Amino acid sequence: MAKELKRYKLSINGRWEEAASGKCFETVNPYTGEAWALLPEGGEEDVDRAVRAAREAFESKEWKSLTGGQRGQLLRRLGDLIAQHAERLARIETTDNGKIIRETTFQLKAIPDCYYYFAGWADKIHGEVIPTDKPTILNYTLREPIGVVGAIIPWNSPLYLTSIKLAPALAAGNTVVIKPSEITSVSALEFIQLVEEAGFPPGAVNVVTGFGEKAGAALTKHQLVGKIAFTGGCETGKLVAKSAADHLARVTLELGGKSPNIVFEDADLDSAVNGAMAGIFAATGQTCIAGSRLFLHESIHDRFVEKLVARAKTIKMGDPTSWGTEMGPLAFKDQREKVLTYVEIGKEEGAKLVYGGEPPTDPELKKGYFVKPTVFVDVENHMRIAQEEIFGPVVSVIRFRTEEEVIQMANDVRYGLAAGLWTQDVKRVHRLAKELQAGTVWVNTYRTLAFSSPFGGYKESGIGKENGFEVLREYTQLKSVWVETGGPIGDPFVMR
Ligand code: TXE
């Protein structure tokens, strides 16, 4: 008999609700290939209910009368609750997207700091008094929340990417409707229970699960949504921006990348190999910041590739819930097909596959959506495997001779999310940090992030910033207030 699946409901206005369609969809464990939970298939009607609830909450006396300090208290309590439930939530995410338990646990244990960080800002969001050329006028600005924020989340780091939107949105006084990815919705519905327990009023945060083309699209076009915060693929991001433009909702888009990771001849090679590994094989390559184009100086190219391949061969693939596993499966079947298709494209383009490019043969891994860590050499920067986001454990190694040449190639791509640089030459570090067209530049490190430091893409990698004070600008609007403090106002039509 088929196993009974845990059944979830939408969270709207502090209540559990079925989707108006009455339909549900299954979420699949990518390690076993089996469904493990059932989620409501939300659509336009459900999104409308959730957005109206969020708007009502935003306009309520209860929400409006909260001081920044009180919102900060709520965020701190939420952070504490996440810390208490971190291991359970990490296990849910690993079951849903196959990311190894070491990494989801690390992420979940770090997420409370996101809430603590933005709790600290909640009572420090303010305008300023501005001197003008009118001596009797008092002019000041008020930095105010926008209203309802729609947060659209992908599947690779569900609660982390939710939190870096939710925490600043709430700190600034907005209310939120979350649309998690259809691939990984369970953790959002478990998490929302903690939001309620922390004491946020009903409607302040709502979760509508469902598919992107229906629930996601309904959120982006809803007239009462003042801002969309989106992380996901580039093409979807463009659809989101177009739909939001129809009612001039603000957008922040955190999209894909094809980030260059550049190793010069004077680099500490062992550190750089570790950095390259972290850049492309961590999270099975399913990160927007993947260092998927590895530029190696010709003088160290062969030695570096040898070390990289030797280490790639020892990466332990396996059950992502086991602590010993180093690389899990891809998050869903189509994603594995996509990765394998790119491997074929790479071969046809003339790149040389030196390792991987196929599922492992181990019978224990047969059911999971695994692909071995994959290394292509002799890649040219114009090839599709060097220009397009694969979102899997596939690194394209490109040889270079001079600094000018590598800058030109690194920037010759439509994306600009991040770049890595490995060298001991301090002058070169600062030259390249300026030259590289990327929102983040890492020097002698890779994949380092903090809630206090702004993150976001250049070029087609996105619009706007997340994290740091910068993100609070994205969740607020500025009002300019003019007050006449002098004598009576004269008749405007009497010439003096
Ligand atoms: O992402 P989508 P997918 C890349 C990666 C991947 C590709 C597609 O290359 O292979 O994008 O992945 C919602 N209106 N990244 O299909 O479609 C959707 O339901 C509104 C990069 O999973 O972008 C989900 O909640 N919303 C990346 C969210 O958008 C829509 C992370 C992301 O889904 C929508 C993930 C629509 N029309 C994938 N269509 C990164 N940069 O981290 C879909 N959605």
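# The ligand and its shell

Colleague: How far does a backbone N or O atom of Gly232 lie from a nitrogen atom of the ligand?
Modeller: A polar contact is a pair of N or O atoms within 3.5 Å; within protein, one must be able to donate a hydrogen and the other to accept it, and residues adjacent in sequence count only if both atoms are side-chain atoms. For Gly232 the pair involves the backbone, and the distance is 3.4 Å.

Colleague: What are the ground rules here?
Modeller: This is a predicted model: local features need pLDDT of at least 70 and side-chain atom pairs pLDDT 80 or more, while totals for chains, interfaces and linings use all residues. Residues are numbered from 1 along each chain as its sequence is written, and side-chain values use heavy atoms, without hydrogens and water.

Colleague: Which side chain has an N or O atom 2.6 Å from an oxygen atom of the ligand?
Modeller: Trp155 places a polar side-chain atom 2.4 Å from a ligand oxygen. The 2.6 Å pair belongs to Lys338.

Colleague: How much of the ligand does the protein bury?
Modeller: Areas come from the Shrake-Rupley method with a 1.4 Å probe. Alone, the ligand exposes 810 Å². The protein buries 86%.

Colleague: Between which domains does the ligand lie?
Modeller: The bounds come from an automatic or database domain assignment. Both domains give residues to the shell, so the ligand lies between domain 1 (6-255 + 461-480) and domain 2 (260-443).

Colleague: Is Glu103 buried or exposed?
Modeller: Buried means under 20% relative accessible area, exposed over 50%, partly exposed in between (1.4 Å probe, protein chains only). At 13%, Glu103 counts as buried.
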